[in-house]
Structure formats: structure tokens, C-alpha cells
Amino acid sequence: MNSPGTMLIVGAGQAGAWAARTLREHGHTGRIVLCGAERHAPYERPPLSKGLITGASSAEQAELLGLAEMQERAIEFLPALEAVKIDPARRVVRCNDGRELGYDKLLLATGGSPCRPSLPGLDSPRVRTLRTLDDALALRRAFSEAPRVTIIGGGWIGLETAATARTLGCAVTVIEAGPRLCGRSLMAPVSEWLLQRHEAAGVSVRLAHGVTALDDHADGTEVRLDDGSTIIADLVLVGVGMQPNDALAREAGLDCARGVRVDAACRTSDPYIYAAGDVAVLTHPRAPQGLRLESWQNAQDQGVAAARAMLEQAVAYSPVPLLWSEQYEHMIQIAGFPGLAQRTLWRATAGGGRLYLGVDAAGVVVAAVGIDAGRDFRAARKSVEQDAQAPFTGYQSCDAPAAAGPVPTSELTA
Ligand SMILES: Cc1cc2nc3c(=O)[nH]c(=O)nc-3n(C[C@H](O)[C@H](O)[C@H](O)COP(=O)(O)OP(=O)(O)OC[C@H]3O[C@@H](n4cnc5c(N)ncnc54)[C@H](O)[C@@H]3O)c2cc1C
């Protein structure tokens with residue numbers, strides 16, 4: 001069923017762009033208004049920590065929904081415009097230039113912003129975060145002049161940027177407060193592989209270390225650690241996670257919990273307002289407390305699902321989480337819920353890669369991680385989707401001493 005009227009999308013990123021495109025593709029004949037705080041037409045973020053900094057890819061290649069396509073699909077694009085307040089009773093959104101945008105249905109696709117810990121000295125001009133195209137272009141310039149790079153945070157953004165900076169010849173230190181890399185999103189043996197790969201590339205990784213302060217000097221910024229040691233950096237990248245941009249929703253009285261809560265039809269606690277992408281917290285059988293996914297695939301799929309739901313199509317969005325990362329020459333793919341794994345199995349793949357399975361206490365495969373695993377990863381991902389039982393022949397337990405040992409050096413060098 002389709003209804004004309006105005007569909008307003010706040011946030012012109014991955015989820016917002018896919019929603020706008022889908023609304024038209026699925027026959028919406030009314031207005032589609034896409035309002036984005038950035039000055040750019042919607043683009044994809046994955047290249048920002050990778051090829052866009054090295055120069056292997058361009059800003060044009062990252063474009064997701066260009067001006068020509070928006071014109072062709074009659075999507076009214078309002079760049080550099082920030083929504084500042086929702087009035088759900090009047091179904092109006094107020095913007096930072098005083099303009100009011102009315103809607104029949106509203107999609108919040110506002111993504112997130114980098115967390116900035118409260119650290120003395122964090123306001124130094126040598127300190128950067130990475131979320132937008134403009135951030136990435138500025139980093140590209142800075143890396144060419146910054147041989148000493150310190151990265152606070154050993155998560156995906158931190159590690160991808162570490163690999164990129166190393167590739168560009170920078171001296172790189174990664175400081176991670178937790179006991180292992182990507183601790184929230186990987187099984188421990190995969191974190192260990194990542195650690196060894198980065199160390200083999202010459203990155204200095206300081207696990208279980210907190211930063212206490214930054215101090216600017218003429219010849220660099222002194223990064224002080226909680227054990228009293230210091231590192232001098234020309235550039236400090238803070239990559240300690242993102243916070244969802246849910247202030248608009250909270251102030252409008254929508255149900256929020258570190259993100260905007262939505263049901264399987266991407267609907268918030270207001271029946272005329274939907275949310276998708278990094279800002280949305282979905283209900284999921286494997287995460288009864290709510291699940292917020294920060295991934296390209298989810299932003300696209302949930303944007304599409306939300307658009308279909310806004311058109312009153314039957315939608316039940318309950319994905320198996322999917323994420324990928326590229327570091328050095330490696331493609332790392334993750335499906336499912338590594339945090340639920342009680343033990344990890346692994347095997348080498350025919351193409352020289354590795355496949356890890358995370359298994360829960362009931363013997364069900366809850367996560368799969370492929371490193372250069374190609375097609376084998378797809379099969380493992382199916383095991384996660386189908387709640388398949390482990391073990392499978394050909395896998396070894398990472399708990400066994402033989403499998404838990406270091407990855408051979410030949411695998412670690414590029
Ligand atoms: C550097 C980087 C690399 C990444 N690499 C990978 C990867 O390799 N693999 C992967 O799976 N995922 C990756 N991701 C994650 C993926 O890009 C995000 O999950 C995805 O972009 C989320 O899409 P979104 O539409 O929810 O939010 P975003 O893409 O962040 O878009 C939200 C937009 O809303 C705008 N906005 C916010 N508030 C307002 C407002 N009040 N009014 C108007 N506009 C507003 C923002 O300016 C922004 O443009 C990466 C992310 C980053 C930052």
C-alpha cells in the first residue's frame with residue numbers, strides 16, 4: 001500500500017540515502033525531503049579510513065547518491081542544514097536556519113559522532129577524530145606531514161587508520177585501554193591475530209593502558225599514559241567509539257537508550273517517526289536489551305527496511321550483524337555475535353586465509369570471522385544465520401595449545 005504525502009529524512013548518510021532511494025523505487029509519489037548537516041551529497045564512509053587517506057580512492061568514488069540521481073528521482077536534498085527540534089504534535093522539524101519542515105512520516109538517520117573523552121589537553125590542534133569526508137581529507141594532508149602518529153583506541157577505526165598510517169610510512173603507536181584489540185567485537189584469538197599483524201607491520205601496540213593527559217610542546221604532543229610513560233606524537237587520533245546522535249529524539253520524548261529504540265518495522269515510540277542506521281536500537285532475539293549496529297551493511301539494509309515500512313509494507317527487520325574491515329592487505333569479515341561466544345574454533349582456508357567460529361555454551365555457532373577467507377566465509381555466515389551446531393569437521397579448538405600459538409611469521413609479513 002502506498003500513501004502520498006511528505007517523507008522527511010533527517011540525516012543524509014548511508015541509511016538516509018538508501019531510504020530516500022527506496023521510497024521512490026517502491027512507488028512513493030509524494031515529496032521526499034532529505035536534510036543533511038554535512039555539505040556533501042550522501043557518500044560511503046568505509047573508504048575514509050582506508051583508500052581515501054592513502055590516495056588509492058577519491059571522494060568522487062565514495063559518492064553514494066549523487067545530485068543527478070537525486071534530481072532524477074525528485075529527492076529534495078537540503079545540504080548543510082541541521083535539524084534542531086522535532087515537534088511530534090505538529091509533525092514539524094525545525095532547522096538551524098529557523099526553517100520548519102513538515103512531514104507525514106519522518107525518518108531519523110542521524111548516525112553518530114566520535115566520542116571525545118574528557119582528557120586534559122584534548123583540545124590540542126594536533127588531536128583529530130575521524131567520521132566525515134572532511135575529517136578524512138584533513139587527515140590525508142596531516143599524515144603526509146606527521147611521521148609520529150598516536151592512536152587512542154584499538155577498535156576498528158583506530159586499527160584501520162593505524163594500518164593506513166603505517167602504509168604511508170608513519171611511526172604509529174596504538175593505545176588501547178582494554179586487554180585486547182577490538183575486545184567488544186571479536187573473539188580473543190582473532191584479537192590476538194590482529195595484534196600480531198599490526199606488530200609485524202611495525203605498529204607499537206600498548207594494551208591495557210589508559211591515557212591520562214596530553215601536553216603540547218613545540219616539537220610534538222606528549223601523550224601521558226597511566227603507567228607514567230609518555231609518547232611524543234605529531235598527530236593524535238582519538239578513536240574510542242561513537243555516540244549515537246539521538247538528542248533530537250530524546251528531546252522529542254521518543255523512547256531512547258543510547259540510541260533511538262525501534263521495533264522490527266523500524267518504528268520508534270511515535271508511530272509517525274522511524275529510525276535506521278547507527279542511531280537506531282533494534283530489538284533482537286539474541287540481544288533482548290536492544291542492539292545498535294554500527295556497520296555499513298546494517299545502515300543500508302535498515303534504511304531500505306525503514307523506507308518500506310514507511311510505505312506500510314510488511315517489514316520484520318532482524319538481521320544477523322555483518323561487518324567488514326580492511327587492514328593492510330587483509331579482508332576481515334565478521335558475522336553474528338562474537339560477544340556471545342564461549343569458545344572459538346578455527347581452520348585454515350584453501351586460499352591461505354583463516355576462518356574462526358564462535359560457539360556458545362549450547363554448541364551453537366553464534367559468530368563467524370573470516371580473514372581473507374573468501375567464499376568459505378559465506379558458508380560460515382550461513383551457519384550463524386541458521387543457528388547451526390558445532391563442531392564441524394576440519395576445525396581445531398583455539399583453546400588447544402597447538403591452535404592458540406602464534407601465527408607463523410610468514411603469515412604476518414605483507
Ligand atoms: C571512517 C569509517 C570507516 C568505516 N568503515 C566501515 C567498514 O569498513 N565496514 C563497515 O561495515 N562499516 C564501516 N563503517 C561504519 C559505517 O560507515 C556506518 O555504520 C554507516 O555510515 C552508518 O550510516 P548512518 O546513515 O547510520 O550514519 P552516517 O553515515 O553517519 O550518516 C548520518 C548523517 O546524518 C547527519 N546528521 C546528524 N545529525 C543531523 C541533524 N540533526 N540534522 C541533519 N543531519 C544530521 C550527519 O551529519 C551524517 O551525515 C565506517 C565508519 C567510519 C566513520
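In helix H5, the buried residues are Trp156, Gly158, Leu159, Glu160, Thr161, Ala162, Ala163, Thr164 and Ala165. The model is predicted.

**Helix H5**

- Helix H5 covers residues 156–167, twelve residues in total.
- From its first C-alpha to its last, H5 reaches 16 Å. That is close to the 16 Å expected at 1.5 Å a residue.
- H5 is mostly covered, with nine of its twelve residues buried.
- An α-helix has 3.6 residues a turn, so residues three or four places apart point the same way.
- Gly169 follows H5 and has a positive phi, near 95°.

- Met7 stands opposite Ile32 in S2.

**The three-stranded sheet**

- Another open sheet has three strands, in the order S4-S5-S6. Here the pairing is antiparallel.
- Its edge strands are strand S4 (83–87) and strand S6 (100–102). Each pairs on one side only.
- From one strand to the next, the twist averages 25°.
- Strand S5 (residues 92–95) pairs with S6 in the antiparallel sense, over three bridges.
- Across that pairing, Val93 stands opposite Leu101 in S6.

**The ligand and its shell**

- The ligand is surrounded by 35 residues. The closest are Glu38, Arg45, Lys50, Arg131 and Asp278.
- Gln14 places a backbone N or O atom 3.1 Å from an oxygen atom of the ligand.
- Ala37 has a polar backbone atom 3.0 Å from a nitrogen atom of the ligand.
- Arg45 uses its side chain: an N or O atom there is 2.7 Å from an oxygen atom of the ligand.
- On its own, the ligand has 990 Å² of accessible area, and the protein covers 93% of that.

**Arg292**

- Where is Arg292 found? Arg292 sits in the loop between strand S21 (287–291) and H8.
- Is Arg292 buried or exposed? Arg292 counts as buried because its relative accessibility is 17%, and the cut-off for buried is under 20%.
- The side chain of Arg292 reaches the backbone oxygen of Asp278 at 2.9 Å. Asp278 is also one of the closest residues to the ligand.
- The side chains of Arg292 and Glu294 are joined by a polar contact of 3.2 Å.

Methods
Residues are numbered from 1 along each chain as its sequence is written. This is a predicted model: local features need pLDDT of at least 70, side-chain atom pairs count only at pLDDT 80 or more; totals for chains, interfaces and linings use all residues. Side-chain values use heavy atoms; hydrogens and water are left out. Two strands pair if DSSP finds at least two bridges between them. Helices (H or I, at least four residues) and strands (E, at least two) are DSSP runs, numbered from the N terminus. The expected span of a helix is 1.5 Å times one less than its number of residues. Buried means under 20% relative accessible area, exposed over 50%, partly exposed in between (1.4 Å probe, protein chains only). Axes are lines fitted to C-alpha atoms, for helices over the stretch in contact, and angles run from 0 to 180 degrees between N-to-C directions. A residue is near a molecule or strand if one of its heavy atoms lies within 4 Å of it. A polar contact is a pair of N or O atoms within 3.5 Å; within protein, one must be able to donate a hydrogen and the other to accept it, and residues adjacent in sequence count only if both atoms are side-chain atoms. Accessible areas come from the Shrake-Rupley method with a 1.4 Å probe; for residues, only the protein chains shown count as cover.
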